Amino acid sequence: MKSTVYRCFDKNGILLYVGSTINIQTRLERHKHKSLWYRKVETIKLKHFANKQKAYAEEIRACMEESPKLNKQLNPNYCFKTKTFHNK
């Protein structure tokens, strides 16, 4: 099943979040309604993969190497206190 890796950036081009999904529209709608950080997103870049295993491998690599600010899992550099971030 085809899957997508998405990268969410703020207005300054800072990578906020990386995720993978088999249904990009549903996943982004869920973030829009349930993720406080989503209101900071200005740009979303998509990369499509042949299957979810390849997409998840890319998500892991991206989190480890690109250090998105708001990924809690898979990100060894996660350090934001989200309450402070969201109130800016």
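Arg7 counts as buried because its relative accessibility is 11% (buried is under 20% relative accessible area, exposed over 50%, partly exposed in between, with a 1.4 Å probe and protein chains only). This is a predicted model, in which local features need pLDDT of at least 70 and side-chain atom pairs count only at pLDDT 80 or more, while totals for chains, interfaces and linings use all residues. Residues are numbered from 1 along each chain as its sequence is written, and side-chain values use heavy atoms, leaving out hydrogens and water.

A salt bridge here is a side-chain nitrogen of Lys or Arg within 4 Å of a carboxyl oxygen of Asp or Glu. The whole structure has five of them, including these:

| Pair | Closest N to O |
|---|---|
| Glu66 and Arg7 | 3.0 Å |
| Arg61 and Glu58 | 2.8 Å |

Glu66 sits in helix 2 and Arg7 in strand 1, so their pairing ties together parts 59 residues apart in sequence. Helices (H or I, at least four residues) and strands (E, at least two) are DSSP runs, numbered from the N terminus. Glu66 is partly exposed, at 31% relative accessibility.

Glu58 is also found in helix 2, and it is buried at 12%. Setting aside neighbours within four places in sequence, Glu58 is in contact (heavy atoms within 4.5 Å) with Val5, Arg7 and Phe49. Arg61 and Glu58 are three residues apart in helix 2, so about one helical turn separates them. Arg61 is partly exposed, with a relative accessible area of 29%. Together, Arg7, Glu58, Arg61, Glu65 and Glu66 are linked in a salt-bridge network.
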